[in-house]
Amino acid sequence: MEAMLTMLAATPVGPMGPMTLYHYLFVSAALFAIGVIGFLTRRNMIIMFLCTEMMFQAAGLALIAFSRFYLNQTGEVFVIFVLTIAAAEAALALALVVLLFRRKETLDAAEWRQLAG
Amino acid sequence: MQALVNPVWFYILLAVGGLGVALALPRPKVNPQLLGALIAAIGFGGIFLALGIKAYQNEQAPPVFFYIFALIGLGSALRVITHPRPVYAALYFILTILSSSALYLLLQAEFMAFALIIIYAGAILITYLFVIMLATQAPSEDQLEALSEYDRVSREPVVATAVGFILLAVLSTMLARGMNEGMPVKSDQNSDALLAQMPKKVLRGLDEAGLFRSGFERPSMDQLSEVIPDVGTRLNAQKRLVWLTVADEAEVRKSLDDPTFASLFVQRDAMEAEEFVDAVEAYKGQVKNGVTLPVSLPERLVASNIDRVGWALIAQHPMALELAGVILLMAMLGAVVLARKQIELSEAEKIEQSRTLASGPNGPPGGTF
């Protein structure tokens, strides 16, 4: 407990503290794993797309962390494209979901099993 | 290269986290969500505690805000996949976005942090919310609280969680096996070299330092862009020189006593004020339009994050930027085409629809939007 308190006290506050890559990479990996779990378990199509967005987020966080670590802005530029793709995907996927919902009045992904062929 | 976390503890904590997530996923009858959330919090919290202690021992602990926002972000991400109501899940996802944009701020990516809030939380998630509201069956009067079956019951929670956490274990192998990590390497994009590409910013910086109020003529943009390529090479050599024309020698003389002003002159450290004025005299006559003097750029004048991102985007990846625009345009066209598609209704269905419309908001549920 005492060690923890001294740790908190000694922790530099603000963005200028020492940069550790692996902390951010672990958060990114955990976010990605949660997104995967959500995509696999949830049956609501909209939530499934939401989980893919979460995986995009995880990738973006890793890219920004690497970009800061190597002080190279290309990573941030890549995140801009991740945002672009996410926006395009949201527009198209949600339009498709609305169409599918109009057909069957349900958002259950299992209802569309016949699409698998 | 040593392990950042004790591998045995790391995998035990991951398994605990996985157990918690599996318990927290929506289930038909017994729903131990709170217990699951608690166990998952113990698992993730333990890993973060171990990482934090290790970082503290190595004296490279991240700011305490990192832990706060990482835990908020992961907690709300967990809530996104466990909350049975889609609207709440989307709102929790906004919380995840906000906390990851806070992490971006800690990583000094200010532009992306605010772009993320505006684009993701402000635009994309609002679209999601609208679609969730549009594509939800209106509950009948007696069961307003009812949830659809596909929201209440998750699909294969145990197997999916196992897959997810095995993936997480693989992705974070570096924690258990150790990784080579020194301090960040030096940037290939020197701040000064970037400034050399931005004459207006240089001019503004000198303006703010009060240089042009002290008897120096403000160079025109043309003059400055003539000088700037030269500035670039000089800046690269860490000399930080700009050449300026003296307009009013008396004013310069007067301002030399001001330390902040004087620090703008490179030679100021090396020579006394009188010597400097002598140097001004010596320069006179050498240059046609009055006198030019070496001036160092103000210390505060550095390329900011948005300068760097803008430069990387426009100068280094212009083609990719164009492609992103094309992708967005195609997505917009595609969404318009998809949304316009009409469903062919049979005669009976048409009669049913018109009756629904005629009977107003209290009509039978579903069917129209």
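Read along its sequence, chain A follows the pattern α-α-α-α. This is a predicted model, in which local features need pLDDT of at least 70, side-chain atom pairs count only at pLDDT 80 or more, and totals for chains, interfaces and linings use all residues. Residues are numbered from 1 along each chain as its sequence is written, and chains are lettered from A and ligands numbered from 1 in the order in which they are written.

Chain A has 4 helices and 0 strands; helices (H or I, at least four residues) and strands (E, at least two) are DSSP runs, numbered from the N terminus. Of its 117 residues, 50% count as buried (20 or more other C-beta atoms within 10 Å of the residue's own, with C-beta atoms placed from the backbone). Among the contacts in chain A with a separation of 6 or more, 48% join residues 24 or more positions apart; two residues are in contact if their C-beta atoms, placed from the backbone, lie within 7 Å.

The contact between the chains takes 73 residues from chain A and 90 residues from chain B. Each of the following helices supplies at least two residues of the side of chain A that touches chain B.

| Helix of chain A | Residues |
|---|---|
| Helix 1 | 2-10 |
| Helix 2 | 21-41 |
| Helix 3 | 45-69 |
| Helix 4 | 74-104 |

Helix 4 of chain A gives the most to this side, with 22 residues. By class, the side divides into 52 nonpolar, 14 polar and 7 charged residues. Ala, Val, Leu, Ile, Met, Phe, Trp, Tyr, Cys and Pro count as nonpolar, Asp, Glu, Lys and Arg as charged, and the others, Gly among them, as polar.

**Helix 2 of chain B**

Helix 2 of chain B (residues 33-57) has 25 residues and should span 36 Å at 1.5 Å a residue, which agrees with the 36 Å between its end C-alpha atoms; the expected span is 1.5 Å times one less than the number of residues. Its buried residues include Gly36(B), Ile39(B), Ala40(B), Phe44(B) and Phe48(B). Glu59(B), which follows this helix, has a positive phi, near 55°.

The axes of helix 2 and helix 3 (residues 64-82) of chain B come within 11 Å and cross at roughly 150°; axes are lines fitted to C-alpha atoms over the stretch in contact, with angles from 0 to 180 degrees between N-to-C directions. The two helices of chain B are therefore roughly antiparallel (angles over 145 degrees). Their contact includes Ala40(B), Phe44(B) and Phe48(B) of helix 2 and Leu71(B), Leu74(B) and Leu78(B) of helix 3. By class, this contact has 9 nonpolar, 3 polar and no charged residues.

Notes. A residue is buried if 20 or more other C-beta atoms lie within 10 Å of its own, exposed if 12 or fewer, and partly exposed in between; C-beta atoms are placed from the backbone. Angles under 35 degrees count as roughly parallel, over 145 as roughly antiparallel, 65 to 115 as roughly perpendicular and the rest as oblique.
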